[in-house]
Amino acid sequence: GAVALHQNDYDGAAIRFEEGLEIQTALGVKPYIADSLANLAHARHRQGALGKAQDLFEEALRLFDELDDKGGVAFVLAHLGPVHRTGATSTGPLIY
(Lines give C-alpha, C1' and ligand atoms only; values in the text may rest on other atoms or scores of the structure.)
Protein backbone atom coordinates (compact mmCIF):
# COMPACT_ATOMS: atom_id res chain seq x y z
CA GLY A 1 0.00 0.00 0.00
CA ALA A 2 2.75 2.45 0.89
CA VAL A 3 4.55 1.90 -2.41
CA ALA A 4 1.33 2.46 -4.37
CA LEU A 5 0.60 5.59 -2.33
CA HIS A 6 4.03 7.05 -3.09
CA GLN A 7 3.52 6.23 -6.79
CA ASN A 8 0.24 8.20 -6.69
CA ASP A 9 -1.75 4.99 -7.26
CA TYR A 10 -4.37 5.85 -4.67
CA ASP A 11 -6.84 3.17 -5.73
CA GLY A 12 -4.15 0.49 -5.50
CA ALA A 13 -3.01 1.85 -2.15
CA ALA A 14 -6.56 1.79 -0.78
CA ILE A 15 -7.03 -1.81 -1.92
CA ARG A 16 -3.81 -2.92 -0.22
CA PHE A 17 -4.55 -0.99 2.96
CA GLU A 18 -8.07 -2.47 3.08
CA GLU A 19 -6.60 -5.96 2.72
CA GLY A 20 -4.19 -5.21 5.57
CA LEU A 21 -6.99 -3.85 7.72
CA GLU A 22 -9.04 -7.01 7.19
CA ILE A 23 -6.11 -9.20 8.24
CA GLN A 24 -5.24 -7.06 11.27
CA THR A 25 -8.88 -6.95 12.34
CA ALA A 26 -9.15 -10.74 12.07
CA LEU A 27 -6.02 -11.07 14.21
CA GLY A 28 -7.28 -8.46 16.68
CA VAL A 29 -3.94 -6.64 16.94
CA LYS A 30 -5.08 -3.13 17.88
CA PRO A 31 -1.83 -1.24 17.18
CA TYR A 32 -1.76 -2.64 13.64
CA ILE A 33 -5.47 -2.01 13.19
CA ALA A 34 -4.90 1.65 14.11
CA ASP A 35 -1.97 1.88 11.68
CA SER A 36 -4.03 0.29 8.91
CA LEU A 37 -6.92 2.67 9.54
CA ALA A 38 -4.60 5.67 9.39
CA ASN A 39 -2.95 4.43 6.19
CA LEU A 40 -6.30 3.76 4.54
CA ALA A 41 -7.51 7.20 5.64
CA HIS A 42 -4.46 8.78 4.02
CA ALA A 43 -5.21 6.98 0.73
CA ARG A 44 -8.89 7.99 0.88
CA HIS A 45 -7.87 11.60 1.46
CA ARG A 46 -5.63 11.47 -1.61
CA GLN A 47 -8.56 10.01 -3.59
CA GLY A 48 -10.69 12.98 -2.54
CA ALA A 49 -13.03 10.90 -0.35
CA LEU A 50 -12.81 13.45 2.44
CA GLY A 51 -15.70 12.28 4.60
CA LYS A 52 -14.49 8.68 4.52
CA ALA A 53 -10.92 9.82 5.24
CA GLN A 54 -12.10 11.81 8.24
CA ASP A 55 -14.14 8.89 9.60
CA LEU A 56 -11.16 6.52 9.24
CA PHE A 57 -8.73 8.99 10.83
CA GLU A 58 -11.12 9.50 13.75
CA GLU A 59 -11.45 5.73 14.26
CA ALA A 60 -7.64 5.43 14.19
CA LEU A 61 -7.39 8.32 16.65
CA ARG A 62 -9.70 6.57 19.11
CA LEU A 63 -7.59 3.41 18.95
CA PHE A 64 -4.27 5.23 19.25
CA ASP A 65 -5.64 7.13 22.25
CA GLU A 66 -6.91 3.89 23.84
CA LEU A 67 -3.44 2.39 23.33
CA ASP A 68 -1.79 5.54 24.75
CA ASP A 69 0.23 5.78 21.52
CA LYS A 70 1.24 9.45 21.50
CA GLY A 71 3.06 9.11 18.17
CA GLY A 72 -0.04 7.64 16.53
CA VAL A 73 -2.24 10.36 18.01
CA ALA A 74 0.15 13.03 16.71
CA PHE A 75 0.24 11.45 13.24
CA VAL A 76 -3.56 11.37 12.97
CA LEU A 77 -4.06 14.88 14.30
CA ALA A 78 -1.48 16.21 11.84
CA HIS A 79 -3.32 14.54 8.96
CA LEU A 80 -6.81 15.54 10.08
CA GLY A 81 -5.95 19.21 9.60
CA PRO A 82 -5.51 18.94 5.82
CA VAL A 83 -8.68 16.84 5.57
CA HIS A 84 -10.65 19.61 7.30
CA ARG A 85 -8.88 22.27 5.25
CA THR A 86 -9.98 20.60 2.01
CA GLY A 87 -13.59 20.58 3.09
CA ALA A 88 -14.51 17.36 4.87
CA THR A 89 -17.63 17.34 6.95
CA SER A 90 -17.70 14.86 9.77
CA THR A 91 -20.40 12.28 10.17
CA GLY A 92 -19.99 12.87 13.88
CA PRO A 93 -18.13 15.00 16.39
CA LEU A 94 -14.37 14.71 16.72
CA ILE A 95 -13.87 13.62 20.30
CA TYR A 96 -10.40 13.72 21.70
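**Close-ups of the salt bridges**

**View 1. Lys70 and Asp68 join their side chains in a salt bridge, at 2.9 Å from N to O.** A salt bridge here is a side-chain nitrogen of Lys or Arg within 4 Å of a carboxyl oxygen of Asp or Glu. Lys70 and Asp68 are both exposed (relative accessible area over 50%; buried means under 20%, and partly exposed lies in between, with a 1.4 Å probe and protein chains only). This is a predicted model, in which local features need pLDDT of at least 70 and side-chain atom pairs count only at pLDDT 80 or more, while totals for chains, interfaces and linings use all residues. Residues are numbered from 1 along each chain as its sequence is written, and side-chain values use heavy atoms, leaving out hydrogens and water.

**View 2. Glu18 and Arg44 form a salt bridge, with their closest N and O atoms 2.2 Å apart.** Glu18 sits in helix α2 (residues 10-27) and Arg44 in helix α3 (residues 30-47), so this pair ties together parts that are 26 residues apart in sequence. Helices are DSSP runs of H or I with at least four residues, numbered from the N terminus. Look at the two partners in turn: Glu18 is partly exposed, at 30% relative accessible area, whereas Arg44 counts as buried, at 16%.

**View 3. Lys30 meets Glu66 in a salt bridge, 2.5 Å from N to O.** Here distant parts of the chain are linked, with Lys30 in helix α3 and Glu66 in helix α4 (residues 50-66), 36 residues apart. Lys30 is partly exposed, with a relative accessible area of 38%. To place these views in context, a search of the whole structure finds 3 salt bridges.

Key
Helices (H or I, at least four residues) and strands (E, at least two) are DSSP runs, numbered from the N terminus.
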